[in-house]
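Student: I have a structure here that I have not seen before. Can we go through it together?

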Amino acid sequence: MESIKIYDKTFKVSISAEVIKKRVEELGKQISKEMEGRNPLFLAVLNGSFIFGADLYREITIPSEITFVKLASYAGTVTTGIVSEVIGLNVDLTGRDVIIVEDIVDTGLTMQQMLETLSLQNPASVKICTLLTKPEKLQVPLTLDYVAFEIPNLFVVGYGLDYDQQGRNLKDIYELAE
Ligand code: IMP
């Protein structure tokens, strides 16, 4: 199996580009069906979701909008801190049906914080769409409305996800091999 090295760590393919593509198409169809007539606002969380967000959004076939926000950063292979600020949100969420687009829900703390922040603006609804989640690591009760893949508790890179800012350009998703 193809493996790659980033800095000191070796990674092997976990989810291939082909499998990702198929699943993103399915999710796009599902969301388009369920959100028909509601002009949802996709809120993609940078940097990690820039590739997933772009691919998913092109599978959406209903009138909708997309915007991008940033949260605090993540360095290394453990969650470094809790994020409280949503930066760059210049759309009024009042009465909107919001779909947060994330790369990965790990402990869920980031998402919990984000939900609290967004709810202050009285959106009609907030749904979570994540490329990946590690169910074993989830520390808070969260409803993940749309999940592309559930993965084991291993650090992953590729398809937008990074290891110390490297590896976002990889077409497949890789997991730590050692
Ligand atoms: P949480 O608050 O623990 O859910 O962390 C979510 C954030 O941590 C994600 O948006 C990622 O930026 C980062 N993260 C968590 N696990 C991984 C991983 O396996 N690879 C890359 N980034 C990760």
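Student: Which residues are buried in helix 3?
Tutor: In helix 3, residues 109–119, the buried ones are Met111, Met114 and Leu118. Buried means under 20% relative accessible area, exposed over 50%, and partly exposed in between, with a 1.4 Å probe and protein chains only. Helices (H or I, at least four residues) and strands (E, at least two) are DSSP runs, numbered from the N terminus.

Student: Why do they line one face of the helix?
Tutor: Seen down the axis of helix 3, the buried residues fall within an arc of 60°, so they line one face. The arc is that of the directions from the helix axis to the C-beta atoms. An α-helix has 3.6 residues a turn, so residues three or four places apart point the same way.

Student: And what do the buried residues of helix 3 pack against?
Tutor: They pack against strand 3 (41–46), strand 4 (65–70), strand 5 (97–105) and strand 6 (125–133). Contact here means heavy atoms within 4.5 Å.

Student: Is this an experimental model or a predicted one?
Tutor: This is a predicted model: local features need pLDDT of at least 70, side-chain atom pairs count only at pLDDT 80 or more, and totals for chains, interfaces and linings use all residues. Residues are numbered from 1 along each chain as its sequence is written, and side-chain values use heavy atoms, with hydrogens and water left out.

Student: Back to helices. Which residues of helix 2 are buried?
Tutor: In helix 2, residues 50–57, they are Phe52, Gly53 and Leu56. Down the axis of helix 2 they fall within an arc of 100°, so they too line one face of the helix. Their cover includes helix 1 (17–34), strand 3, strand 4, strand 5 and strand 6.

Student: Where is Asn47, and what is the peptide bond from Leu46 like?
Tutor: Asn47 lies in the loop between strand 3 and helix 2. The bond from Leu46 to Asn47 is cis, with omega near 0°. Most residues other than glycine have a negative phi, and most peptide bonds are trans.

Student: Which phi does Tyr159 have?
Tutor: Phi of Tyr159 is near 50°, a positive value in a residue other than glycine. Tyr159 sits in the loop between strand 8 (156–157) and strand 9 (173–176).

Student: Buried or exposed, that Tyr159?
Tutor: Tyr159 has 7% relative accessibility, so it counts as buried. Gln165 is also found in the loop between strand 8 and strand 9, and its phi is near 75°. At 45% relative accessibility, Gln165 counts as partly exposed.
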